[in-house]
Amino acid sequence: MPTLSSVLKAERPKKRITFPLVGAKSLDAGGFDGPTVEVDIQILTPGALALAHERAATFAEAHGGKADEGDTSYAIAYRGHLLVAACLDVDTGAPFFDGGFDQIMSADGLTDGHLAYLLELVEQWQFDCSPRIAKLTEEVFTRVTKGA
């Protein structure tokens, strides 16, 4: 029987997405009108998620906030650190945000809307790669919870 280490030697799954840049507008039919760039997003390990929380807590406390998901500075910092970890350059596999968290926080043209859009795609990819069932009918819920 294989060990977990031998099973997990494969690369984490990635998904290529289109990231709208300054001036790009969403089209009703999907996609964008204006400048975009392709970005790979990867599945994040529990360690990467914990590190994003830790760094967000440090940021929030340094800016007079609280290490709490309800705190605005914490939420913004968590999103930024999560995106730094999840987004990769499609050609090299290096971090897409090559200036890290500081780049996300200060880049001209990156708005809260850009980051919220990107975070939504990252979270959806995490969910898509999860073994959890997306929608449970009453019958499936009963079967899963009772082991039937």
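**Exercise 1. Determine which residues Leu44 is in contact with, leaving aside its neighbours within four places in sequence.**

Solution. Contact means heavy atoms within 4.5 Å. Leaving aside neighbours within four places in sequence, Leu44 is in contact with Arg12, Leu49, Leu82, Ala85, Ala86 and Gln126. The structure is a predicted model, in which local features need pLDDT of at least 70 and side-chain atom pairs count only at pLDDT 80 or more, while totals for chains, interfaces and linings use all residues. Residues are numbered from 1 along each chain as its sequence is written, and side-chain values use heavy atoms, with hydrogens and water left out.

**Exercise 2. Locate Leu44 and decide whether it is buried or exposed.**

Solution. Step 1: Leu44 is found in the loop between strand 4 and helix 2; helices (H or I, at least four residues) and strands (E, at least two) are DSSP runs, numbered from the N terminus. Step 2: buried means under 20% relative accessible area, exposed over 50%, and partly exposed in between (1.4 Å probe, protein chains only). Step 3: Leu44 has 7% relative accessibility and therefore counts as buried. Step 4: the C-alpha atoms of Leu44 and Leu83 are separated by 10.0 Å, although these residues lie 39 apart along the chain.

**Exercise 3. Describe how helix 2 and helix 3 cross.**

Solution. Step 1: the axes of helix 2 (residues 46-62) and helix 3 (residues 72-86) come within 8 Å and cross at roughly 140°. Axes are lines fitted to C-alpha atoms, for helices over the stretch in contact, and angles run from 0 to 180 degrees between N-to-C directions. Step 2: angles under 35 degrees count as roughly parallel, over 145 as roughly antiparallel, 65 to 115 as roughly perpendicular and the rest as oblique. Helix 2 and helix 3 are therefore oblique to each other. Step 3: the contact includes Leu49, Ala52 and Phe59 of helix 2, and Tyr74, Ala77 and Leu82 of helix 3.
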